[in-house]
Amino acid sequence: IWSGIPRQVRPITWKLLSGYLPANTERRESTLQRKRQEYFGFIEQYYDSRNDEHHQDTYRQIRIDIPRMSPECLMLQPMVTEIFERILFIWAIRHPASGYVQGINDLVTPFFVVYVFEYIKEEVENFDVSSLQEETLRNIEADSFWCMSKLLDGIQDNYTFAQPGIQRKVKALEELVSRIDEMVHVHMQQYEVEYLQFAFRWMNNLLMRELPLRCTIRLWDTYQAEPEGFSHFHLYVCAAFLVRWRKEILDERDFQGLMILLQNLPTMHWGNEEVSVLLAEAYRLKFAFADAPNHYKR
């Protein structure tokens with residue numbers, strides 16, 4: 001578990017863990033065919049409506065958000081842009097309770113990249129996606145859509161009106177940190193740093209904006225293997241992540257310095273090693289606090 005899922009079996013493992021593929025081997029091929037056809041059926045049915053009056057705002061927002069995503073060299077490839085536009089638009093149309101919300105766009109990337117890995121040896125950053133066969137790309141697109149949908153089923157209240165799931169999780173993070181590291185908690189209070197100011201993004205984008213993509217992929221190995229990984233376990237990862245910067249946080253002595261630090265944590269060089277340590281710490285916290293919810297209530 002600590003080194004994550006080996007790259008060559010990651011695509012199939014993710015599809016199984018997310019509940020997209022059945023455990024029964026005989027049914028897998030037919031399930032894939034059916035789901036891929038179903039997705040392209042949605043596109044035929046809905047995608048032309050993207051410029052209709054009541055959908056155009058959604059489509060416009062998706063088009064604005066995609067070029068801002070990372071890794072840039074991947075996201076700015078026209079073929080990739082089109083795939084992401086379709087996935088996000090179809091998801092939004094089929095989930096009117098939340099519709100499209102910024103942050104959802106990031107959740108496609110790990111699936112897409114992992115499913116591209118099935119067909120390439122090199123790193124995805126310098127790879128031209130349009131060199132893949134059309135059939136292959138269609139399969140990657142449909143599989144990414146369904147796996148992202150499964151993930152979002154478990155955290156949809158993060159993205160409904162006023163994003164209540166996120167508000168609740170940030171509050172829970174604050175409670176948890178006040179229990180595990182009172183000094184950090186008091187330090188932030190002293191300089192009037194609200195958890196919502198930095199941790200909203202940690203919940204909204206599942207730490208993807210704080211970590212290199214390779215680390216997110218490793219993190220998601222565990223999230224998918226863990227019951228309620230993306231909703232509940234993520235909270236403990238966020239707490240472990242915050243406390244990991246304890247020294248740097250306590251060194252900052254004003255609001256602005258703290259905010260700059262918390263919004264630009266130096267993780268560029270991080271790899272599996274750092275993520276493993278983070279996960280181990282998150283597990284430790286989970287076992288210390290999870291089964292006793294009153295534990296971290298003051």
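Reader: Is Thr31 buried or exposed?
Author: Thr31 is buried, because its relative accessible area is 9%, where buried means under 20% relative accessible area, exposed over 50%, and partly exposed in between, with a 1.4 Å probe and protein chains only. Bear in mind that this is a predicted model, in which local features need pLDDT of at least 70 and side-chain atom pairs count only at pLDDT 80 or more, while totals for chains, interfaces and linings use all residues. Residues are numbered from 1 along each chain as its sequence is written, and side-chain values use heavy atoms, with hydrogens and water left out.

Reader: Where does Thr31 sit, then?
Author: Thr31 is part of helix H2, residues 25–46; helices are DSSP runs of H or I with at least four residues, numbered from the N terminus.

Reader: And what does its side chain reach?
Author: The side chain of Thr31 comes to 2.7 Å from the backbone oxygen of Arg27. Setting aside neighbours within four places in sequence, Thr31 is also in contact with Tyr20 and Pro22, contact meaning heavy atoms within 4.5 Å.

Reader: Switching to H3, which of its residues are buried?
Author: In helix H3, which spans residues 56–65, the buried residues are Tyr59, Ile62 and Asp65. Seen down the axis of H3, these fall within an arc of 130°, so they line one face of the helix; the arc is that of the directions from the helix axis to the C-beta atoms.

Reader: What covers them?
Author: The cover over the buried residues of H3 includes helix H5, 78–94.

Reader: What about the bond between Ser70 and Pro71?
Author: Ser70 and Pro71 are joined by a cis peptide bond, with omega about -5°, and Pro71 lies in the loop between H3 and helix H4, 72–75.

Reader: Which loop holds Glu192, and what is its phi?
Author: Glu192 is in the loop between helix H9 (182–190) and helix H10 (195–204), and its phi is positive, near 60°, in a residue other than glycine. Most residues other than glycine have a negative phi, and most peptide bonds are trans.

Reader: Where is Leu206, and is it buried or exposed?
Author: Leu206 lies in the loop between H10 and helix H11, 213–225, and it counts as buried because its relative accessibility is 1%. Leu206 has a positive phi of about 50° although it is not a glycine, whereas Glu192 is exposed, with a relative accessible area of 63%.

Methods. Helix = DSSP H or I, 4+ residues; strand = E, 2+ residues; numbered from the N terminus. Polar contact = N/O pair within 3.5 Å; in protein donor to acceptor, adjacent residues only side chain to side chain.
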